[in-house]
Amino acid sequence: MNALTARLKGLLFALIYTITFVSGQLFADLLLMIPYAIAQYSSLDDVQNFSNKLTELFKTDFLPRYSWLVSILSAAISILLLLIITKFTSRSFKARTAIRKCPVSPFLYIVTLSIGLQILITLAIDSLGSISVFEELIKQQNDYSQAITGNTNKLLELLAVAVAAPLCEELFFRGAVLSSLRENSFGKVSSVLIQALMFAIVHGVPIAMLYAFIMGTVMGWLRIKFDSIWPGICLHSVFNCVAYWSYMGGDELHPISYVLLWLSSAAISISSFILLSRKKTENER
């Protein structure tokens, strides 16, 4: 098999895993919409526009209150589909998804890196909000995020954003997708960037796609460096937890505090990244 054929094969498998991930999310939506449709049918008197009205009501009423249920169910379905697909490949589920042991020592730096990046990205997005072209996009995302944190069971929502979503997304993108690319003639840098791009695309919303690409690249680098998805799961989980906590706050910062937060989060991120880069892994010894 020449390099071009191998790369096409790697891209094909990466796309299959990405489509499987999206299918799990859509299937979960469908499973929840069916009983919701039955419950709401009597209140939707216009049968002609029933589908459009129900979809809109589902997004504005059901999802903000029960997004935790959607996240947990979609993660479970997606992982089940991944398990089934893996049965037809030449490698085991653990090998395909890079569920391997990882030293504990880097995890403190991973936590601080995640916190620093989350604050930096949040500040950057807030800064973009002053630009007219981004203003409405950021407002829509903030409104939805605040609706979720304000109307749902906070413990279940935290379980969804801190456990279900990171585990599922890392198994797929830093696990199966990245492994497929690396096994088929893609280099480290190209594999990390391609899986980060796919990770960004499935987020759908432009602003979310932007920070998903950044985080996908960082988590891909961690996966390559430590040959395991556990560092990425840790970073992803902490990142989501800090994001969830920040949306529950929502107070505006004094300009001086804003600058200090920029500087401190940048210092935390850079220093954590440098310390992680200097960590010697088994493959580098």
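**Salt bridges and their surroundings**

Guide: Arg223 has a relative accessible area of 7%, and it is therefore buried, the cut-off for that class being under 20%. The model under discussion is a predicted one. The partner of Arg223 is Asp227, and the closest N and O atoms of this salt bridge lie 3.5 Å apart. Asp227 has a relative accessible area of 29%, so it is classed as partly exposed; that class lies between the limits for buried, under 20%, and exposed, over 50%. Elsewhere, salt bridges with shared partners connect Arg91, Arg96 and Glu183 into one network.

Within that network, Glu183 and Arg91 form a salt bridge whose closest N and O atoms are 2.0 Å apart. The two residues are separated by 92 residues, and their pairing links distant parts of the chain. Glu183 belongs to the loop between α6 (154-182) and α7 (188-201), whereas Arg91 belongs to the loop between α2 (50-86) and α3 (93-96). Glu183 counts as partly exposed because its relative accessibility is 36%. Arg91, at 28% relative accessibility, also counts as partly exposed.

A further salt bridge is found between Arg174 and Glu170, with 2.6 Å between the closest N and O atoms. Both residues lie in helix α6, 4 residues apart, or about one turn of the helix. Arg174 and Glu170 are both buried. The pairs described here are among the 5 salt bridges that the structure holds.

The axes of α7 and helix α8 (residues 206-226) come within 8 Å and cross at roughly 145°. The crossing of α7 past α8 is right-handed. On the α7 side, the contact includes Lys188, Val192, Leu193, Phe199 and Ile201; the residues that they and their neighbours meet in α8 include Met209, Phe213, Gly216, Trp221 and Ile224. By class, this contact comprises 13 nonpolar, 4 polar and 1 charged residues.

Note on methods: Residues numbered from 1 in each chain as written. Predicted model: local features only at pLDDT ≥ 70, side-chain atom pairs only at ≥ 80, totals over all residues. Heavy atoms only, no water. Salt bridge = Lys/Arg side-chain N within 4 Å of Asp/Glu carboxyl O. Buried < 20%, exposed > 50% of the residue type's maximum accessible area, 1.4 Å probe, protein only. Axes fitted to C-alpha atoms, helices over the stretch in contact; angles between N-to-C directions. Left-handed = near helix turned anticlockwise from the far one by under 90°. Contact = heavy atoms within 4.5 Å. Nonpolar A, V, L, I, M, F, W, Y, C, P; charged D, E, K, R; others polar.
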